[in-house]
Amino acid sequence: MVSNSMAKHTSSEEALRRLRDHLGKGALASQFRLESERALAERIGCSRETLRKAIRVLELEGRVWRHVGQGTFLGPRPAHEPIPPMVLVETASPADIIDARLLLEPGIAATAAQKATHQDLTLLRELVGRTMRAADWQAYEVADNAFHKAIARSSGNPVAIAFLDILSSVRSRVRWQREHNLTFRRDRKKEYTEQQSRMHGAIIDAIEARDPEGARQAMNDHLCAIRKVMVVT
C-alpha cells in the first residue's frame, strides 16, 4: 500500500502504467466491473484525480468504459450504451470539429444578429483586437475561442451556448493544438491573423447591421477558410 503522501506525487504517466499492469495481470473478463475509484486509487497508489486521468486514457483507447452511477467496466463499450459527448469530442479529428462548427455556428451568428446588444458588439470588437495583437498561436487561440463564445452568448440561447462550449473544449486537446500551431506557422502569423480578423470583422458588421443572413454567410465563410488551411484532404 502506498502512503497518502507518496500517492499525491504519483504522476499521471506512472499511474497509467500501474493501471495497465493491474488490469493486465488480473485476467479479468470483458465487461467486468472494476473496483471503486477509492479502492482502485489506493491499489494503484495515486490520487483519485490522477486515477480518473488514467482511466480517461484507457476509455479513449476503448479498453474500459464508464456508466455514470454504476462504475467503470473492462472492455469496449457495448453497442447499446450511449457514448458520453466529451468522449466523442476527444476522439474527433480537426475535420470533424470544423464540420460540426459549420453546422452550428452560422445559425448562432444569424440569431446574434437579431439579439446582440451594444455591449456585446463592443466586446466582440475588443476580442478581434486581441486576435490581431496575439504574439503566438496560444494567445490567438484564447482570443479566437473567446470571440466565438461571445457570439454564442449574444445569441441568448442557453442550449446553443452549451453546445458551443463542448466544441470549444477541444481547443485544449493536443491534436487540435498541433494542427492549429502548424497552420499558424505555415501561413505566417501576420498574414493568418490579418485574414481571420477581416473575417471576424465581417461577422461583427453583419451582426451590427441586424443582417441574419449576412452574419450566417460571414461565419460560414470564416469557418470554411479555417477548414481549408487546417484540414489536409
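## Overall architecture

Of the chain's 233 residues, 41% count as buried, that is, they have under 20% relative accessible area, where exposed means over 50% and partly exposed lies in between (1.4 Å probe, protein chains only). The model is predicted: local features need pLDDT of at least 70 and side-chain atom pairs count only at pLDDT 80 or more, while totals for chains, interfaces and linings use all residues. Residues are numbered from 1 along each chain as its sequence is written, and side-chain values use heavy atoms, with hydrogens and water left out.

The chain holds 12 helices and 2 strands, taken as DSSP runs numbered from the N terminus (helices H or I, at least four residues; strands E, at least two). Their order along the sequence is α-α-α-α-β-β-α-α-α-α-α-α-α-α. Among contacts (heavy atoms within 4.5 Å) with a separation of 6 or more, 68% join residues 24 or more positions apart.

## Nonpolar cores

A nonpolar core is a set of buried Ala, Val, Leu, Ile, Met, Phe, Trp, Tyr and Cys residues joined through side-chain atoms within 4.5 Å. The largest one has 27 residues, and Leu124, Phe147, Ile151, Ile203 and Ile207 have the most contacts inside it. At least two of its residues come from each of H6 (94-115), H7 (118-133), H8 (137-155), H9 (158-168), H11 (189-208) and H12 (212-230). Another core, of 15 residues, lies apart from it and includes Leu34, Ala41, Ile44 and Cys46.

Beyond its neighbours within four places in sequence, Leu124 is in contact with Phe147, Ala150, Ile151, Ile204 and Ile207.

## Histidine 200

Helix H11 contains His200, which counts as buried because its relative accessibility is 0%. With neighbours within four places in sequence set aside, His200 is in contact with Val128, Thr131, Tyr140, Asp144, Phe147, His148 and His222.

## Packing of H2 and H3

Helix H2 (residues 12-25) packs with helix H3 (residues 37-44) at an angle of about 105°, their axes being 10 Å apart; axes are lines fitted to C-alpha atoms, for helices over the stretch in contact, and angles run from 0 to 180 degrees between N-to-C directions. H2 is therefore roughly perpendicular to H3, a label for angles of 65 to 115 degrees.

From H2, Ala15, Arg18, Leu19 and His22 meet Leu40, Arg43 and Ile44 of H3.

Notes:
Parallel < 35°, antiparallel > 145°, perpendicular 65-115°, else oblique.
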